[in-house]
Amino acid sequence: MRSKARVSLLLVLSFIGAAAAHAVCPAAPFYIDLKSGLVGTLGGPNTNVGVSGFIASPVVGCAGWKEAVLKINLAGGCTKATIWAQWEGLPKAWTLNIGDSPTNDGFGGGVPGTTLNDAELWVLNERMSVANGGSTVDTIYNQDQSLTDSALNFVVKNQYISWGQPYGFLQTPNLKNLFALSAVDPLDVTNGANNIYAGLNRVIYNAPANGRRGCGLRRVLVALQ
């Protein structure tokens with residue numbers, strides 16, 4: 001009996017150790033305010049979301065606004081990212097770009113040879129568009145929005161994106177043309193295959209060179225599950 005109890009205790013301890021070692025998706029939402037400059041998390045740390053290029057917007061007519069790029073990593077058991085975006089006033093030019101490649105820059109596609117997949121969504125003025133990734137890039141969705149003093153909620157998962165309100169979604173489980181967040185990408189050896197990128201008041205990549213910047217996106221909140 002004593003031997004059985006000891007074995008049972010060892011098994012319990014091993015399970016506890018395995019659970020502790022297993023990474024957990026961070027529950028603390030990340031927030032950023034593109035006018036006040038506030039950035040942080042709510043209720044705890046979240047190292048899965050990083051921010052870069054957080055600078056004052058150089059766009060004419062955009063004084064007082066900032067731009068940034070977010071890198072959202074779905075490691076640690078995360079399977080989806082919810083991105084809540086709020087606009088203030090009438091959006092001007094490029095205010096949001098969500099993609100699964102660090103070289104997404106609007107209108108579909110990325111720098112050849114950096115990732116196998118480069119699906120993306122972008123908001124230009126008040127028009128939202130989605131382009132597929134893969135070898136052939138096409139704009140597969142366009143929708144005019146009413147974004148003055150408004151907000152949209154985006155949910156990004158493997159081969160899936162939704163938005164609202166009003167609610168809409170796209171998914172390509174068989175064609176594999178949208179966000180590839182579970183497949184191994186042999187080209188993306190630096191950034192991994194579980195990342196989402198978001199350009200705020202700019203496109204994700206090369207905004208200074210191509211001029212794809214804007215203003216009007218005020219706040220963004222990112223929650224992982």
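Mentor: Start with a rule: two aromatic rings pair if their centres lie within 6.5 Å, and planes over 60 degrees apart count as edge-to-face. Keep in mind that this is a predicted model.

Trainee: How many aromatic pairs does a search of the whole structure find?
Mentor: Five.

Trainee: What makes Trp-94 and Phe-107 an edge-to-face pair?
Mentor: Their ring centres are 5.1 Å apart and their planes stand at 85 degrees. The limits are within 6.5 Å for a pair and over 60 degrees for edge-to-face.

Trainee: Why is Trp-94 called buried, but Phe-107 partly exposed?
Mentor: Buried means under 20% relative accessible area, and exposed means over 50%. Trp-94 has 7%, so Trp-94 is buried. Phe-107 has 46%, which lies in between, so Phe-107 is partly exposed.

Trainee: Why does the pair of Phe-107 and Trp-122 count as edge-to-face?
Mentor: The centres are 6.0 Å apart, within the 6.5 Å limit. The planes are at 75 degrees, over 60, so this pair is edge-to-face. Trp-122 lies in strand 6, so the pair ties together parts that are 15 residues apart in sequence. At 3% relative accessibility, Trp-122 counts as buried. Trp-94, Phe-107 and Trp-122 form one aromatic cluster.

Trainee: How do you know that Gln-145 is buried?
Mentor: Its relative accessible area is 12%. The cut-off is under 20%, so Gln-145 is buried. Gln-145 is in the loop between strand 8 and strand 9.

Trainee: What joins the side chains of Gln-145 and Gln-143?
Mentor: A polar contact of 2.9 Å. The limit for such a contact is 3.5 Å. Leaving aside neighbours within four places in sequence, Gln-145 is also in contact with Glu-126, Met-128, Leu-152 and Trp-163.

Trainee: What makes Lys-157 lie over the face of Tyr-160?
Mentor: Lys-157 is 4.6 Å from the ring centre. The distance limit is within 6 Å, and a charge must also be within 35 degrees of the ring normal.

Trainee: Which residues have the most contacts inside the largest nonpolar core?
Mentor: Phe-154 and Leu-200, in a core of 38 residues. Strand 5 gives the most to this core, with six residues. A second, separate core has six residues, including Ala-93 and Val-203.

Trainee: Which bond joins Gln-165 and Pro-166?
Mentor: A cis peptide bond, with omega about 0 degrees. The bond from Gly-164 to Gln-165 is cis too, with omega near 5 degrees. Gln-165 is in the loop between strand 10 and strand 11, and Pro-166 lies in the loop between strand 10 and strand 11 as well.

Notes: Residues numbered from 1 in each chain as written. Predicted model: local features only at pLDDT ≥ 70, side-chain atom pairs only at ≥ 80, totals over all residues. Heavy atoms only, no water. Helix = DSSP H or I, 4+ residues; strand = E, 2+ residues; numbered from the N terminus. Buried < 20%, exposed > 50% of the residue type's maximum accessible area, 1.4 Å probe, protein only. Polar contact = N/O pair within 3.5 Å; in protein donor to acceptor, adjacent residues only side chain to side chain. Contact = heavy atoms within 4.5 Å. Phe/Tyr/Trp six-rings, centres within 6.5 Å; stacked < 30°, edge-to-face > 60°. Core = buried A, V, L, I, M, F, W, Y, C linked by side-chain atoms within 4.5 Å.
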